[in-house]
Amino acid sequence: MLKALRGTKDILPDDIGMWQVVEAFARDIFSIYGYKEIRTPIIEDASLFIRSIGDATDIVRKEMYIFTDRGGRNIALRPEATASVVRAYLENSMAQNQDLTKLFYIGPMFRSERPQKGRQRQFYQLGVEAIGSDNPLLDVETIVLAARFLQKLGLRDFKVNLNSLGCEKDKQAIIKKYRDIIKPYLGSLCAECGERSKKNVLRVFDCKNEKCAEAVKGIKFDNLLCADCAEHFESVKKGLKNSGVDFIVEPKMVRGLDYYTKTVFEISSPDLGAKDAICAGGRYNNLIRDMGGKATPAIGFAFGMERLILAGKDKISMSAPSIAVFMAIADKALEYDAFKMMSLFRDNGLSCEMDREGRSLKSQMRKAQKLNARFTVILGEEEFRRDKVILKDMNSGEQKEAGMDEVLKEII
RNA sequence: GUGGCUAUAGUGUAAUGGCAGCACGAAAGAUUGUGGUUCUUUUAGAGCGGGUUCAAAUCCCGUUAGCCACCCCA
(Lines give C-alpha, C1' and ligand atoms only; values in the text may rest on other atoms or scores of the structure.)
Protein backbone atom coordinates (compact mmCIF):
# COMPACT_ATOMS: atom_id res chain seq x y z
CA MET A 1 0.00 0.00 0.00
CA LEU A 2 1.25 3.42 -0.90
CA LYS A 3 1.42 5.91 1.89
CA ALA A 4 1.83 9.64 2.17
CA LEU A 5 5.46 10.66 2.44
CA ARG A 6 7.03 11.22 5.82
CA GLY A 7 6.05 14.55 7.26
CA THR A 8 3.12 15.04 4.89
CA LYS A 9 -0.51 14.33 5.54
CA ASP A 10 -3.98 14.49 4.14
CA ILE A 11 -6.37 17.07 5.49
CA LEU A 12 -9.56 15.04 5.49
CA PRO A 13 -13.15 16.26 5.05
CA ASP A 14 -13.77 15.90 8.78
CA ASP A 15 -10.87 18.23 9.55
CA ILE A 16 -11.21 20.71 6.72
CA GLY A 17 -13.91 22.75 8.47
CA MET A 18 -11.38 24.06 10.96
CA TRP A 19 -9.05 25.11 8.17
CA GLN A 20 -11.84 26.91 6.38
CA VAL A 21 -12.91 28.73 9.53
CA VAL A 22 -9.37 29.89 10.24
CA GLU A 23 -8.87 30.98 6.65
CA ALA A 24 -12.18 32.82 6.58
CA PHE A 25 -11.30 34.69 9.80
CA ALA A 26 -7.90 35.52 8.34
CA ARG A 27 -9.25 36.81 5.04
CA ASP A 28 -11.74 38.89 6.94
CA ILE A 29 -9.39 40.57 9.37
CA PHE A 30 -6.52 40.92 6.90
CA SER A 31 -8.84 42.75 4.56
CA ILE A 32 -9.95 45.07 7.37
CA TYR A 33 -6.28 45.94 7.89
CA GLY A 34 -5.85 46.65 4.17
CA TYR A 35 -4.10 43.49 3.01
CA LYS A 36 -4.69 41.90 -0.38
CA GLU A 37 -4.01 38.28 -1.17
CA ILE A 38 -1.09 37.19 -3.32
CA ARG A 39 -0.34 33.67 -4.56
CA THR A 40 3.19 32.93 -5.60
CA PRO A 41 4.66 29.72 -7.04
CA ILE A 42 5.66 26.88 -4.76
CA ILE A 43 8.85 26.34 -6.72
CA GLU A 44 11.42 29.08 -7.16
CA ASP A 45 15.01 29.44 -8.24
CA ALA A 46 16.93 28.03 -5.27
CA SER A 47 19.21 31.07 -5.13
CA LEU A 48 16.23 33.24 -4.17
CA PHE A 49 16.12 31.56 -0.76
CA ILE A 50 19.85 31.09 -0.39
CA ARG A 51 20.37 34.81 -0.84
CA SER A 52 17.46 36.03 1.28
CA ILE A 53 17.31 33.57 4.18
CA GLY A 54 21.10 33.25 4.34
CA ASP A 55 23.47 30.52 3.19
CA ALA A 56 24.62 29.77 6.75
CA THR A 57 21.14 29.19 8.19
CA ASP A 58 19.87 25.70 8.94
CA ILE A 59 16.83 26.26 6.76
CA VAL A 60 19.03 26.65 3.71
CA ARG A 61 21.86 24.31 4.66
CA LYS A 62 19.93 21.35 6.01
CA GLU A 63 16.22 21.69 5.39
CA MET A 64 15.55 22.95 1.91
CA TYR A 65 14.24 20.65 -0.82
CA ILE A 66 16.40 21.37 -3.85
CA PHE A 67 16.42 19.56 -7.16
CA THR A 68 17.64 20.05 -10.68
CA ASP A 69 14.93 20.09 -13.30
CA ARG A 70 15.23 18.78 -16.83
CA GLY A 71 16.56 22.08 -18.04
CA GLY A 72 19.38 21.88 -15.50
CA ARG A 73 17.90 24.67 -13.37
CA ASN A 74 18.44 24.67 -9.65
CA ILE A 75 14.98 24.66 -8.12
CA ALA A 76 13.79 24.77 -4.53
CA LEU A 77 10.45 24.06 -2.92
CA ARG A 78 9.80 27.22 -0.95
CA PRO A 79 10.70 26.90 2.76
CA GLU A 80 8.92 30.18 3.52
CA ALA A 81 7.11 32.86 1.57
CA THR A 82 8.68 36.23 2.36
CA ALA A 83 11.39 35.84 -0.26
CA SER A 84 8.82 34.87 -2.90
CA VAL A 85 6.56 37.78 -2.03
CA VAL A 86 9.46 40.23 -2.25
CA ARG A 87 10.51 38.70 -5.56
CA ALA A 88 6.97 39.14 -6.87
CA TYR A 89 6.85 42.68 -5.50
CA LEU A 90 9.99 43.62 -7.41
CA GLU A 91 9.26 41.64 -10.56
CA ASN A 92 5.81 43.19 -10.93
CA SER A 93 6.85 46.72 -9.94
CA MET A 94 4.24 46.72 -7.22
CA ALA A 95 5.75 49.83 -5.65
CA GLN A 96 4.21 51.83 -8.50
CA ASN A 97 1.29 54.02 -7.48
CA GLN A 98 1.44 53.24 -3.78
CA ASP A 99 3.81 54.00 -0.96
CA LEU A 100 2.80 50.99 1.13
CA THR A 101 2.08 47.55 -0.29
CA LYS A 102 0.20 45.16 1.98
CA LEU A 103 0.03 41.53 0.94
CA PHE A 104 -1.09 38.30 2.59
CA TYR A 105 -0.68 34.67 1.56
CA ILE A 106 -1.86 31.23 2.59
CA GLY A 107 -0.09 28.17 1.28
CA PRO A 108 2.17 25.18 1.76
CA MET A 109 5.87 25.45 2.67
CA PHE A 110 8.46 22.69 2.67
CA ARG A 111 11.29 21.92 5.05
CA SER A 112 12.98 18.58 5.37
CA GLU A 113 13.01 18.28 9.15
CA ARG A 114 12.34 15.32 11.41
CA PRO A 115 8.56 15.45 11.94
CA GLN A 116 6.96 16.00 15.33
CA LYS A 117 3.62 17.23 16.47
CA GLY A 118 3.12 20.65 14.94
CA ARG A 119 6.09 20.16 12.68
CA GLN A 120 5.73 18.62 9.25
CA ARG A 121 7.76 18.60 6.08
CA GLN A 122 4.92 20.10 4.14
CA PHE A 123 3.14 22.61 6.32
CA TYR A 124 0.93 25.61 5.73
CA GLN A 125 1.73 29.17 6.56
CA LEU A 126 -0.53 32.13 6.64
CA GLY A 127 1.28 35.43 6.65
CA VAL A 128 1.41 39.09 5.78
CA GLU A 129 4.03 41.45 4.38
CA ALA A 130 3.78 45.24 4.59
CA ILE A 131 6.35 46.78 2.29
CA GLY A 132 7.30 50.46 2.08
CA SER A 133 7.49 52.05 5.54
CA ASP A 134 9.81 52.15 8.51
CA ASN A 135 7.26 53.85 10.75
CA PRO A 136 7.20 52.12 14.14
CA LEU A 137 3.41 52.34 14.09
CA LEU A 138 3.49 49.88 11.20
CA ASP A 139 5.34 47.47 13.48
CA VAL A 140 2.68 48.03 16.10
CA GLU A 141 -0.12 47.55 13.60
CA THR A 142 1.39 44.30 12.37
CA ILE A 143 1.71 42.84 15.86
CA VAL A 144 -1.75 44.09 16.82
CA LEU A 145 -3.14 42.39 13.73
CA ALA A 146 -1.59 39.07 14.74
CA ALA A 147 -2.93 39.39 18.27
CA ARG A 148 -6.43 40.43 17.22
CA PHE A 149 -6.57 37.56 14.78
CA LEU A 150 -5.83 35.10 17.58
CA GLN A 151 -8.38 36.72 19.87
CA LYS A 152 -10.98 36.55 17.16
CA LEU A 153 -10.33 32.84 16.85
CA GLY A 154 -10.94 32.49 20.57
CA LEU A 155 -7.33 32.04 21.66
CA ARG A 156 -6.52 34.07 24.74
CA ASP A 157 -3.52 32.69 26.55
CA PHE A 158 -0.85 33.36 23.96
CA LYS A 159 2.39 35.17 24.75
CA VAL A 160 4.04 37.85 22.61
CA ASN A 161 7.83 37.99 22.80
CA LEU A 162 9.48 41.10 21.44
CA ASN A 163 13.02 42.15 20.67
CA SER A 164 14.96 44.49 18.45
CA LEU A 165 18.00 43.33 16.54
CA GLY A 166 18.82 46.86 15.40
CA CYS A 167 20.02 47.95 12.02
CA GLU A 168 22.74 46.14 10.10
CA LYS A 169 25.50 47.93 12.02
CA ASP A 170 23.87 47.21 15.38
CA LYS A 171 23.44 43.55 14.50
CA GLN A 172 27.16 43.22 13.80
CA ALA A 173 28.04 45.13 16.97
CA ILE A 174 25.74 42.98 19.10
CA ILE A 175 27.21 39.77 17.73
CA LYS A 176 30.75 41.00 18.29
CA LYS A 177 29.95 42.17 21.81
CA TYR A 178 28.46 38.87 22.89
CA ARG A 179 31.23 36.87 21.26
CA ASP A 180 33.71 38.87 23.28
CA ILE A 181 31.70 38.33 26.45
CA ILE A 182 31.49 34.59 25.80
CA LYS A 183 35.14 34.12 24.91
CA PRO A 184 36.48 33.61 28.46
CA TYR A 185 33.81 30.99 29.14
CA LEU A 186 34.32 28.99 25.96
CA GLY A 187 36.36 26.32 27.72
CA SER A 188 33.58 25.50 30.16
CA LEU A 189 30.76 25.42 27.60
CA CYS A 190 29.44 22.37 25.81
CA ALA A 191 30.67 21.51 22.33
CA GLU A 192 27.49 22.72 20.73
CA CYS A 193 27.84 26.10 22.36
CA GLY A 194 31.31 26.39 20.89
CA GLU A 195 29.63 26.14 17.50
CA ARG A 196 26.82 28.44 18.55
CA SER A 197 29.24 31.16 19.59
CA LYS A 198 30.40 31.31 15.97
CA LYS A 199 27.10 30.81 14.22
CA ASN A 200 24.44 32.35 16.42
CA VAL A 201 25.98 33.57 19.61
CA LEU A 202 22.74 34.53 21.36
CA ARG A 203 21.66 30.90 21.42
CA VAL A 204 24.44 30.15 23.88
CA PHE A 205 22.35 31.94 26.47
CA ASP A 206 19.48 29.57 25.76
CA CYS A 207 21.45 26.33 26.10
CA LYS A 208 19.72 23.71 28.24
CA ASN A 209 23.05 22.26 29.38
CA GLU A 210 23.42 23.08 33.09
CA LYS A 211 27.10 23.95 32.84
CA CYS A 212 26.45 26.46 30.08
CA ALA A 213 23.52 28.00 31.91
CA GLU A 214 25.68 28.34 35.02
CA ALA A 215 28.56 29.90 33.11
CA VAL A 216 26.50 32.60 31.42
CA LYS A 217 24.15 33.25 34.32
CA GLY A 218 25.62 36.55 35.46
CA ILE A 219 25.90 38.15 32.03
CA LYS A 220 23.75 41.21 31.54
CA PHE A 221 22.10 42.23 28.32
CA ASP A 222 23.14 45.81 27.73
CA ASN A 223 21.32 48.08 25.43
CA LEU A 224 23.45 47.99 22.31
CA LEU A 225 21.15 49.68 19.83
CA CYS A 226 22.10 52.91 18.13
CA ALA A 227 20.05 55.99 18.96
CA ASP A 228 17.75 55.61 15.96
CA CYS A 229 17.01 51.94 16.52
CA ALA A 230 16.56 52.47 20.26
CA GLU A 231 14.02 55.19 19.61
CA HIS A 232 12.23 53.03 17.06
CA PHE A 233 12.04 50.19 19.57
CA GLU A 234 10.71 52.51 22.28
CA SER A 235 7.99 53.73 19.92
CA VAL A 236 6.98 50.17 19.13
CA LYS A 237 6.71 49.30 22.82
CA LYS A 238 4.73 52.45 23.54
CA GLY A 239 2.37 51.78 20.65
CA LEU A 240 1.77 48.21 21.79
CA LYS A 241 0.97 49.35 25.31
CA ASN A 242 -1.50 51.89 23.92
CA SER A 243 -3.13 49.14 21.90
CA GLY A 244 -3.53 46.90 24.91
CA VAL A 245 -1.29 44.13 23.60
CA ASP A 246 0.72 42.49 26.37
CA PHE A 247 4.27 41.60 25.46
CA ILE A 248 7.53 40.52 27.01
CA VAL A 249 10.85 41.94 25.88
CA GLU A 250 13.12 38.99 25.29
CA PRO A 251 16.68 40.12 24.55
CA LYS A 252 17.77 36.56 23.78
CA MET A 253 15.25 36.05 21.03
CA VAL A 254 16.85 35.39 17.68
CA ARG A 255 15.33 34.36 14.42
CA GLY A 256 16.46 31.61 12.11
CA LEU A 257 16.50 33.80 9.04
CA ASP A 258 19.27 36.28 8.30
CA TYR A 259 17.19 39.05 6.79
CA TYR A 260 15.58 40.38 9.97
CA THR A 261 16.46 43.82 11.31
CA LYS A 262 15.09 45.96 14.13
CA THR A 263 11.77 44.64 15.48
CA VAL A 264 11.34 40.88 15.75
CA PHE A 265 8.58 39.05 17.55
CA GLU A 266 7.24 35.62 18.26
CA ILE A 267 3.86 34.48 19.55
CA SER A 268 3.70 31.23 21.49
CA SER A 269 0.82 29.16 22.79
CA PRO A 270 0.94 27.01 25.94
CA ASP A 271 -1.01 24.21 24.23
CA LEU A 272 1.79 23.04 22.01
CA GLY A 273 4.73 21.65 23.99
CA ALA A 274 8.23 22.19 22.69
CA LYS A 275 7.15 23.55 19.33
CA ASP A 276 5.14 26.34 20.88
CA ALA A 277 5.67 29.18 18.42
CA ILE A 278 2.55 29.69 16.36
CA CYS A 279 3.60 32.95 14.79
CA ALA A 280 6.86 34.74 14.12
CA GLY A 281 7.89 37.79 12.23
CA GLY A 282 9.76 41.03 12.12
CA ARG A 283 11.26 43.80 10.06
CA TYR A 284 13.47 43.17 7.10
CA ASN A 285 14.56 46.64 6.08
CA ASN A 286 17.49 45.54 3.94
CA LEU A 287 16.10 42.54 2.13
CA ILE A 288 14.54 44.39 -0.78
CA ARG A 289 17.72 46.32 -1.43
CA ASP A 290 19.76 43.13 -1.12
CA MET A 291 17.54 41.49 -3.70
CA GLY A 292 18.26 44.22 -6.20
CA GLY A 293 15.44 46.67 -5.51
CA LYS A 294 15.48 50.17 -4.11
CA ALA A 295 16.16 50.36 -0.36
CA THR A 296 12.66 49.71 0.99
CA PRO A 297 11.76 49.00 4.61
CA ALA A 298 9.24 46.20 5.29
CA ILE A 299 7.77 44.02 8.00
CA GLY A 300 5.80 40.79 8.08
CA PHE A 301 4.81 37.70 10.02
CA ALA A 302 3.77 34.12 9.40
CA PHE A 303 1.47 31.79 11.31
CA GLY A 304 1.91 28.03 11.20
CA MET A 305 -1.55 26.80 10.25
CA GLU A 306 -1.18 23.31 11.74
CA ARG A 307 0.01 24.77 15.03
CA LEU A 308 -2.70 27.38 15.00
CA ILE A 309 -5.30 24.67 14.56
CA LEU A 310 -3.73 22.49 17.26
CA ALA A 311 -3.79 25.40 19.68
CA GLY A 312 -7.32 26.37 18.76
CA LYS A 313 -9.04 23.05 18.22
CA ASP A 314 -11.05 23.23 21.46
CA LYS A 315 -11.66 26.95 21.24
CA ILE A 316 -12.80 27.50 17.70
CA SER A 317 -16.52 26.85 17.58
CA MET A 318 -17.72 24.82 14.64
CA SER A 319 -21.31 24.26 13.63
CA ALA A 320 -22.09 20.74 12.56
CA PRO A 321 -22.36 20.40 8.79
CA SER A 322 -25.89 19.91 7.53
CA ILE A 323 -27.87 19.59 4.31
CA ALA A 324 -31.16 21.31 3.50
CA VAL A 325 -33.16 18.38 2.21
CA PHE A 326 -33.03 14.63 2.17
CA MET A 327 -35.12 13.11 -0.59
CA ALA A 328 -36.68 9.82 0.50
CA ILE A 329 -38.82 7.43 -1.53
CA ALA A 330 -41.25 4.78 -0.38
CA ASP A 331 -40.79 2.74 -3.52
CA LYS A 332 -37.82 2.13 -5.76
CA ALA A 333 -40.09 2.73 -8.76
CA LEU A 334 -40.20 6.43 -7.86
CA GLU A 335 -36.44 6.82 -8.09
CA TYR A 336 -36.49 8.84 -11.30
CA ASP A 337 -39.19 11.20 -10.05
CA ALA A 338 -37.29 11.70 -6.81
CA PHE A 339 -34.11 12.38 -8.73
CA LYS A 340 -35.94 15.05 -10.71
CA MET A 341 -37.11 16.67 -7.50
CA MET A 342 -33.61 16.54 -6.07
CA SER A 343 -32.37 18.41 -9.13
CA LEU A 344 -35.08 21.00 -8.59
CA PHE A 345 -33.94 21.54 -5.00
CA ARG A 346 -30.35 21.88 -6.10
CA ASP A 347 -31.27 24.30 -8.86
CA ASN A 348 -32.85 26.42 -6.16
CA GLY A 349 -29.64 26.46 -4.17
CA LEU A 350 -30.65 23.82 -1.64
CA SER A 351 -28.23 21.03 -0.80
CA CYS A 352 -30.01 17.74 -1.32
CA GLU A 353 -29.15 14.05 -1.09
CA MET A 354 -31.04 10.82 -1.65
CA ASP A 355 -30.43 7.12 -1.18
CA ARG A 356 -29.16 5.34 -4.25
CA GLU A 357 -29.19 1.74 -3.03
CA GLY A 358 -32.93 1.07 -2.81
CA ARG A 359 -32.93 0.89 0.98
CA SER A 360 -35.98 0.79 3.19
CA LEU A 361 -37.73 4.00 4.17
CA LYS A 362 -36.56 3.48 7.74
CA SER A 363 -33.01 3.23 6.57
CA GLN A 364 -33.43 6.36 4.48
CA MET A 365 -34.75 8.25 7.48
CA ARG A 366 -31.70 7.18 9.43
CA LYS A 367 -29.53 8.48 6.64
CA ALA A 368 -31.36 11.80 6.68
CA GLN A 369 -30.70 11.98 10.41
CA LYS A 370 -27.03 11.22 9.94
CA LEU A 371 -26.63 13.88 7.28
CA ASN A 372 -28.25 16.32 9.69
CA ALA A 373 -30.92 17.21 7.13
CA ARG A 374 -33.18 20.10 8.05
CA PHE A 375 -36.06 18.63 6.05
CA THR A 376 -36.91 15.28 4.61
CA VAL A 377 -39.14 15.14 1.57
CA ILE A 378 -40.88 11.79 1.27
CA LEU A 379 -42.34 10.67 -2.01
CA GLY A 380 -44.78 7.75 -1.96
CA GLU A 381 -47.14 6.27 -4.50
CA GLU A 382 -50.24 7.84 -2.99
CA GLU A 383 -48.73 11.29 -2.88
CA PHE A 384 -47.27 10.86 -6.33
CA ARG A 385 -50.72 10.12 -7.70
CA ARG A 386 -51.99 13.36 -6.15
CA ASP A 387 -48.90 15.27 -7.39
CA LYS A 388 -47.86 15.89 -3.79
CA VAL A 389 -45.05 14.95 -1.40
CA ILE A 390 -44.69 14.78 2.37
CA LEU A 391 -42.56 17.52 3.86
CA LYS A 392 -41.09 16.63 7.24
CA ASP A 393 -39.32 19.10 9.51
CA MET A 394 -36.57 17.03 11.10
CA ASN A 395 -36.20 19.19 14.18
CA SER A 396 -39.84 19.34 15.22
CA GLY A 397 -40.81 16.05 13.65
CA GLU A 398 -43.92 17.64 12.16
CA GLN A 399 -44.92 16.66 8.68
CA LYS A 400 -47.55 17.57 6.16
CA GLU A 401 -48.58 16.86 2.62
CA ALA A 402 -47.75 19.60 0.13
CA GLY A 403 -47.16 20.37 -3.50
CA MET A 404 -43.64 21.09 -4.69
CA ASP A 405 -44.25 24.85 -5.04
CA GLU A 406 -45.31 25.00 -1.43
CA VAL A 407 -42.35 22.85 -0.34
CA LEU A 408 -39.85 25.15 -2.03
CA LYS A 409 -41.48 28.21 -0.53
CA GLU A 410 -41.35 26.65 2.93
CA ILE A 411 -37.68 25.64 2.78
CA ILE A 412 -36.01 28.56 1.05
C1' G B 1 20.22 15.12 11.24
C1' U B 2 21.09 12.59 16.73
C1' G B 3 18.93 9.74 20.78
C1' G B 4 14.60 7.30 22.89
C1' C B 5 9.47 5.29 22.95
C1' U B 6 5.52 3.21 20.12
C1' A B 7 2.77 0.43 16.04
C1' U B 8 -3.70 -4.82 16.99
C1' A B 9 -10.86 -3.74 12.83
C1' G B 10 -12.65 2.97 10.42
C1' U B 11 -11.51 4.95 15.78
C1' G B 12 -10.09 3.89 20.96
C1' U B 13 -8.20 -0.23 23.38
C1' A B 14 -7.44 -5.79 25.77
C1' A B 15 -5.01 -10.41 25.90
C1' U B 16 2.71 -11.86 30.35
C1' G B 17 4.72 -17.65 23.53
C1' G B 18 -1.01 -21.39 23.13
C1' C B 19 -8.71 -20.14 19.87
C1' A B 20 -7.21 -12.23 18.47
C1' G B 21 -11.45 -10.01 22.42
C1' C B 22 -14.23 -5.46 24.03
C1' A B 23 -16.33 -0.53 23.20
C1' C B 24 -17.64 3.09 19.76
C1' G B 25 -18.53 3.48 14.54
C1' A B 26 -20.67 1.40 10.08
C1' A B 27 -24.59 -1.93 7.64
C1' A B 28 -29.35 -4.74 8.08
C1' G B 29 -33.56 -5.93 10.90
C1' A B 30 -37.47 -5.71 15.27
C1' U B 31 -45.20 -7.69 10.65
C1' U B 32 -48.08 -2.87 5.99
C1' G B 33 -44.76 3.84 4.27
C1' U B 34 -41.14 7.41 8.85
C1' G B 35 -35.04 9.31 12.10
C1' G B 36 -33.01 10.05 17.31
C1' U B 37 -33.84 5.68 22.67
C1' U B 38 -33.68 0.32 23.14
C1' C B 39 -32.86 -4.76 21.42
C1' U B 40 -30.93 -8.47 17.75
C1' U B 41 -27.72 -9.70 13.84
C1' U B 42 -23.76 -8.57 10.57
C1' U B 43 -19.23 -6.09 9.38
C1' A B 44 -14.05 -5.40 9.63
C1' G B 45 -7.77 -5.99 12.36
C1' A B 46 -1.61 -7.57 13.80
C1' G B 47 2.45 -1.27 9.15
C1' C B 48 5.98 -3.98 5.90
C1' G B 49 10.09 -7.85 5.31
C1' G B 50 12.95 -11.53 7.54
C1' G B 51 14.35 -14.76 11.81
C1' U B 52 13.78 -17.95 16.54
C1' U B 53 9.95 -21.67 18.01
C1' C B 54 5.85 -27.47 17.75
C1' A B 55 3.41 -22.63 18.19
C1' A B 56 4.63 -15.33 17.59
C1' A B 57 0.13 -9.74 18.26
C1' U B 58 3.67 -11.28 22.09
C1' C B 59 10.86 -12.72 21.53
C1' C B 60 14.99 -11.05 17.93
C1' C B 61 16.80 -8.29 13.45
C1' G B 62 15.79 -4.95 9.58
C1' U B 63 12.55 -1.38 7.49
C1' U B 64 8.59 2.26 7.26
C1' A B 65 5.73 5.70 9.92
C1' G B 66 4.14 8.43 14.23
C1' C B 67 5.30 10.54 18.86
C1' C B 68 8.94 12.56 22.68
C1' A B 69 13.62 15.06 23.75
C1' C B 70 17.58 17.46 21.09
C1' C B 71 19.17 20.41 16.67
C1' C B 72 16.28 23.89 14.48
C1' C B 73 11.74 26.14 13.51
C1' A B 74 5.89 28.24 11.91
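This is a predicted model: local features need pLDDT of at least 70, side-chain atom pairs count only at pLDDT 80 or more; totals for chains, interfaces and linings use all residues.
**Gly349**
- Gly349 sits in the loop that links α12 (335–347) and β13 (352–354).
- Take Gly349 and Ala76: they are 273 residues apart along the chain, and their C-alpha atoms are separated by 43 Å.

**Tyr260**
- You'll find Tyr260 in a loop too, this one between β8 (248–249) and β9 (261–268).
- Tyr260 is buried, since 24 other C-beta atoms lie within 10 Å and 20 or more is enough to qualify.
- Leaving aside residues up to four places away in sequence, Tyr260 touches Leu165, Arg255, Gly282, Arg283 and Tyr284.
- Lys171 is 89 residues from Tyr260 in sequence, yet the C-alpha to C-alpha distance is 9.6 Å.

**Helix α4**
- Helix α4 spans residues 82–91 and is mostly covered, with seven of its 10 residues buried.
- The buried ones are Thr82, Ala83, Ser84, Val85, Val86, Arg87 and Tyr89.
- As for what covers those buried residues, the strands include β2 (43–45), β5 (101–110), β6 (122–131) and β11 (298–304).
- Helices α2 (46–53) and α10 (287–290) are also part of that cover.

Methods: Residues are numbered from 1 along each chain as its sequence is written. Chains are lettered from A and ligands numbered from 1 in the order in which they are written. Helices (H or I, at least four residues) and strands (E, at least two) are DSSP runs, numbered from the N terminus. A residue is buried if 20 or more other C-beta atoms lie within 10 Å of its own, exposed if 12 or fewer, and partly exposed in between; C-beta atoms are placed from the backbone. Two residues are in contact if their C-beta atoms, placed from the backbone, lie within 7 Å.
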